[in-house]
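These are my notebook entries on a structure that I looked through piece by piece.

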Amino acid sequence: MMKRTLVRCFSMIPQPPLDGFTPVLSEETVSFHYTKHHTGYYNKLKAFAETERPDLLDKSNEDIIKTETGFAFNQAAQLYNHDFYWNSMSNKGADAPSGELAAKIVVEFGSFEEFKKAFQGQVGAHFGSGWVWLVQEKDTKKLKIVQTHDAGCPITDDNLHPILTCDAWEHAFYIDYRNDKPKYAENWWNIVNWEFAASNLL
């Protein structure tokens with residue numbers, strides 16, 4: 001799992017290896033996604049904090065997400081979402097979850113294949129820009145799939161705890177898949193970081 005490099009408080013993780021997700025995601029896609037989009041959110045939030053809201057310089061991504069709206073929320077939420085996305089992927093991961101996570105998926109979805117079908121279907125059919133998440137309810141400990149739109153982030157719901165996410169924004173896949181979002185969703189399983197997902201269980 002890549003950890004954030006802190007500059008004061010709000011932050012972003014270091015750039016993933018450009019060839020870290022090939023052939024599912026090309027080096028061009030990873031570079032463009034990280035340097036133009038992910039980094040862009042950080043730079044915009046930093047400039048905003050330094051010129052208009054210096055109090056934000058002492059807040060983490062999570063703090064800003066839970067206390068702000070509008071521009072500051074959007075930038076911080078996209079930093080959080082992208083950090084989670086990069087960590088949700090690995091070319092060295094297993095083909096499927098194991099242990100407690102695998103057991104919970106079977107309980108909630110019937111089988112791993114049924115879970116994949118449901119999650120992949122939501123990514124492929126997601127309208128517009130946003131994210132598809134596997135989350136755990138804090139009160140029941142049950143797993144469920146949720147979609148968030150634009151910069152939406154599940155931690156705005158105090159009862160939801162993120163486990164895994166797939167980026168359904170067009171810039172995440174268009175260089176490699178053009179408008180074939182369902183194919184991107186299908187291939188994404190080949191780089192899911194199940195170790196990271198399992199580490200997020202409550």
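In which loop is Asp150 found? I looked it up and found Asp150 in the loop between β4 and β5 (160-167), where strands (E, at least two residues) and helices (H or I, at least four) are DSSP runs numbered from the N terminus. Before going on I noted that this is a predicted model, in which local features need pLDDT of at least 70 and side-chain atom pairs count only at pLDDT 80 or more, while totals for chains, interfaces and linings use all residues. I also noted that residues are numbered from 1 along each chain as its sequence is written, and that side-chain values use heavy atoms, with hydrogens and water left out.

**Entry: backbone angles**

I saw that phi of Asp150 is near 55°, a positive value in a residue other than glycine. Asp150 is partly exposed, with a relative accessible area of 46%; buried means under 20%, exposed over 50%, and partly exposed in between, with a 1.4 Å probe and protein chains only. Lys141 is not a glycine either, yet I read a positive phi of about 65° for it. I placed Lys141 in the loop between β3 and β4 (143-149), and its relative accessible area of 36% makes it partly exposed. I then looked at the peptide bond from Thr22 to Pro23, which is cis, with omega near 0°, and I found Pro23 in the loop between β2 (11-12) and α1 (27-51).

Is Gln136 buried or exposed? I found that Gln136, which lies in strand β3 (residues 130-137), is buried, with a relative accessible area of 0%. Its side chain reaches the backbone oxygen of Lys141 at 3.0 Å and the backbone nitrogen of Leu202 at 2.8 Å. I checked these against the rule for a polar contact, which is a pair of N or O atoms within 3.5 Å, where within protein one must be able to donate a hydrogen and the other to accept it, and residues adjacent in sequence count only if both atoms are side-chain atoms.

I next followed Leu202, which is found in the segment after α8 (194-199) and is partly exposed at 43% relative accessible area. Leu202 and Lys141 are 61 residues apart along the chain, but their C-alpha atoms are separated by 7.2 Å. Leaving aside neighbours within four places in sequence, I listed the residues in contact with Leu202 (heavy atoms within 4.5 Å), and among them are Glu100, Gln136, Lys141 and His161.

**Entry: helices α4 and α5**

At what angle do the axes of α4 and α5 cross? I found that the axes of helix α4 (residues 99-109) and helix α5 (residues 112-125) come within 8 Å and cross at roughly 70°, and that this makes α4 roughly perpendicular to α5, the word for angles of 65 to 115 degrees. These axes are lines fitted to C-alpha atoms over the stretch in contact, and angles run from 0 to 180 degrees between N-to-C directions. I saw that Ile105, Val106 and Phe109 of α4 make the contact with Phe112, Glu114 and Phe115 of α5.

I also looked up Val107 in helix α4, which counts as exposed at 64% relative accessibility.

**Entry: the nonpolar core**

Of its 63 residues, Leu25, Phe115, Phe119, Tyr184, Trp188 and Trp194 touch the most other members. The largest share of this core, nine residues, comes from helix α3 (residues 70-87).

Key: Angles under 35 degrees count as roughly parallel, over 145 as roughly antiparallel, 65 to 115 as roughly perpendicular and the rest as oblique. A nonpolar core is a set of buried Ala, Val, Leu, Ile, Met, Phe, Trp, Tyr and Cys residues joined through side-chain atoms within 4.5 Å.
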